[in-house]
Amino acid sequence: MKYLQLLTIYFLLNLISAQSPSVRIEGSHTLTQSDGMDLYQAIDQCLGKALVNGVYEYLLISNKYNEEEMNTIMPILDGAIQMCVKAPVIIKQEVNGNEIFIMAEGIINPFILNQILGGNN
């Protein structure tokens, strides 16, 4: 019986994944490195914000959210960006003194993104 339940769950997850195509997102962000923050922390934080900005643009364009809805979604995205974006890649990076600019891309699954955001369309 336990094997049947595991097989059913596996089948359903494969079915969901097959029906939800992945989407490539791209975003950018500029960060001013603060005192006490080392370069790697700043780059990591800037990368996360660039990915959040990419998902933000995707949601505005594809799901037609308005600005008020996006204000409530942004804190959720900030906290869950590692769960939303697969295979993040830095496309362009510039470090000028204490200012860091990163352009990044990643892959999202719209179904999983909507589940994290609470089922919003």
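1. Ground rules. This is a predicted model, where local features need pLDDT of at least 70, side-chain atom pairs count only at pLDDT 80 or more, and totals for chains, interfaces and linings use all residues. Residues are numbered from 1 along each chain as its sequence is written, and side-chain values use heavy atoms, with hydrogens and water left out.

2. Overall make-up. You have 4 helices and 3 strands here, running α-β-α-α-β-β-α from the N terminus on. Helices (H or I, at least four residues) and strands (E, at least two) are DSSP runs, numbered from the N terminus. Of the 121 residues in the chain, 31% count as buried; buried means under 20% relative accessible area, exposed over 50%, and partly exposed in between (1.4 Å probe, protein chains only).

3. Surface and contacts. The accessible surface comes to about 8000 Å², with 57% of it belonging to carbon and sulfur atoms; areas come from the Shrake-Rupley method with a 1.4 Å probe, and for residues only the protein chains shown count as cover. Take contacts between residues at least 6 apart in sequence: 66% of them join residues at least 24 apart. Contact means heavy atoms within 4.5 Å.

4. The 3 strands make an open antiparallel sheet in the order 1-3-2. Strand 1 (23–32) and strand 2 are the edge strands, each pairing on one side only. The twist averages 15° from one strand to the next. Two strands pair if DSSP finds at least two bridges between them; strand 2 and strand 3 have 9, in the antiparallel sense. K92 has M103 in strand 3 as its bridge partner, and V89 has E105 there.

5. The hairpin and a phi to check. There are 2 residues between strand 2 and strand 3 in their hairpin, and G97 takes a positive phi near 70°. Most residues other than glycine have a negative phi. A87, though not a glycine, has a positive phi of about 50°; A87 sits in strand 2.

6. Helix 3, bent. Helix 3 (residues 67–84) spans only 20 Å between its end C-alpha atoms, whereas a straight helix of 18 residues would span 26 Å at 1.5 Å a residue. The expected span is 1.5 Å times one less than the number of residues. There is also a kink of about 55° in helix 3, centred on D78; the bend at a residue is the angle between axes fitted to the seven residues ending there and the seven starting there.

7. An α-helix has 3.6 residues a turn, so residues three or four places apart point the same way. Helix 3 lies across strand 2 and strand 3, at about 115° to strand 2. Axes are lines fitted to C-alpha atoms, for helices over the stretch in contact, and angles run from 0 to 180 degrees between N-to-C directions.
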